[in-house]
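Let's take a short walk through this structure. Have a look at the sequence and the 3D view first.

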Amino acid sequence: MKKIITVIMLSIMIISCKEEEVKEKTQIKEIELSRESGSNMLRFTTAEELKAFISQHHESETDLLDEARRMSEEGKYNPLLLVYNLETDEAEKLGINEKEVPLVSSNDDMLLLLLNEDGEIGIQDKIFRIDGEFVYTYTEGSSSQINEFLSAYKEGKVEIEKGKTIEYTKDLSVYMHNNKLERDDVSAKGATSYAYFNSNYRMKARQYNGYWVFYSSIGAKTKVQKRKKFLWWSNWKTVKTDNRLEYELSYKVYSTFGFPTVTLNASGHKYCYCNSANKVYDWSVGFPIAPNVYVPQEGQTKHWAHWYSTTPNTVSTTLIY
């Protein structure tokens, strides 16, 4: 009987070891496939895959800056969310050139996680790139046409209006977004407000909404920033601490497919020890375009943050929509 039990136990151990070995080989294979593809960006075969990726991160309440750092450390890609929070020495180690980093005027951590250091993401057979006032949609190997477009635009040979898309070539379309830039005017919708612990630490309270062709969202966030040792990209970087956000508002949802406009409400809170207490009230993705545009109507957001080594160690502010 003892021999039978011993044999059974050994069999279980062998099977268990083999299962772990298979799991390990599978994980290694997935990483190798990612590298072999030559891709330094997230790529999704369908918009539904992208939707599932975003939903999973929202539902798990993943700290997105930590996730961005993990993606970079594993050699998958350098998310723009991480790049915007690097100091000079860190950027140099990753081979990132300050002058080549795109400008994406969004405070949505999810969008910045999706984009790589060049502001790119792949969906189906297209690549989307955000930089400055434009969102580019192009086929693989056609990125050189972006510089051609910019030269023609600066010379006045090409005209484009905010909120409109032009087909520059069969391989490149250009959307000129009308997302509002960050504003310190707390009386304006989509405002930014700062409250300082001292000259080296501050709380940033932000309301945001934006439409980026493949992705759109509306939300708010609270985070604490520390003054950088090196003046690169901006003077501040996000640090982890106790952040709080409470929100109550109404917002309109405009359909890009012509469906009737609806008004929705959002209310709740997010308290966390995190890089950012970030709440996306609503979002959409789609290919070739996202279905919804979100515009805040009325309401407010309340923001608190703590940095315990300073006096005062708590600051707060309220932003009105």
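What follows is a tour of a few spots, one after another.

First, some ground rules: this is a predicted model, where local features need pLDDT of at least 70, side-chain atom pairs count only at pLDDT 80 or more, and totals for chains, interfaces and linings use all residues. Residues are numbered from 1 along each chain as its sequence is written, and side-chain values use heavy atoms, with hydrogens and water left out.

Start with the strands (DSSP runs of E, at least two residues, numbered from the N terminus). β14 and β15 run antiparallel, joined by 7 bridges; strands pair if DSSP finds at least two bridges between them. His-306 sits opposite Thr-314 in β15. In a regular strand the side chains alternate between the two faces of the sheet. In β15 (residues 314-320), Val-315, Thr-317 and Leu-319 make up the covered face, while Thr-314, Ser-316, Thr-318 and Ile-320 make up the uncovered one.

Now go to strand β8 (residues 201-211), where you'll find Arg-206. Is Arg-206 buried or exposed? Its relative accessibility is 4%, so Arg-206 counts as buried (buried means under 20% relative accessible area, exposed over 50%, partly exposed in between, with a 1.4 Å probe and protein chains only). Its side chain makes a polar contact of 2.8 Å with that of Thr-192 (a pair of N or O atoms within 3.5 Å; within protein, one must be able to donate a hydrogen and the other to accept it, and residues adjacent in sequence count only if both atoms are side-chain atoms).

Last stop: Cys-272 and Cys-274 are joined by a disulfide, S to S 2.1 Å (the cut-off is a pair of cysteine sulfur atoms within 2.5 Å). This link is right-handed, with 50° about the S-S bond. Cys-274 is buried because its relative accessibility is 5%.

Key
Helix = DSSP H or I, 4+ residues; strand = E, 2+ residues; numbered from the N terminus.
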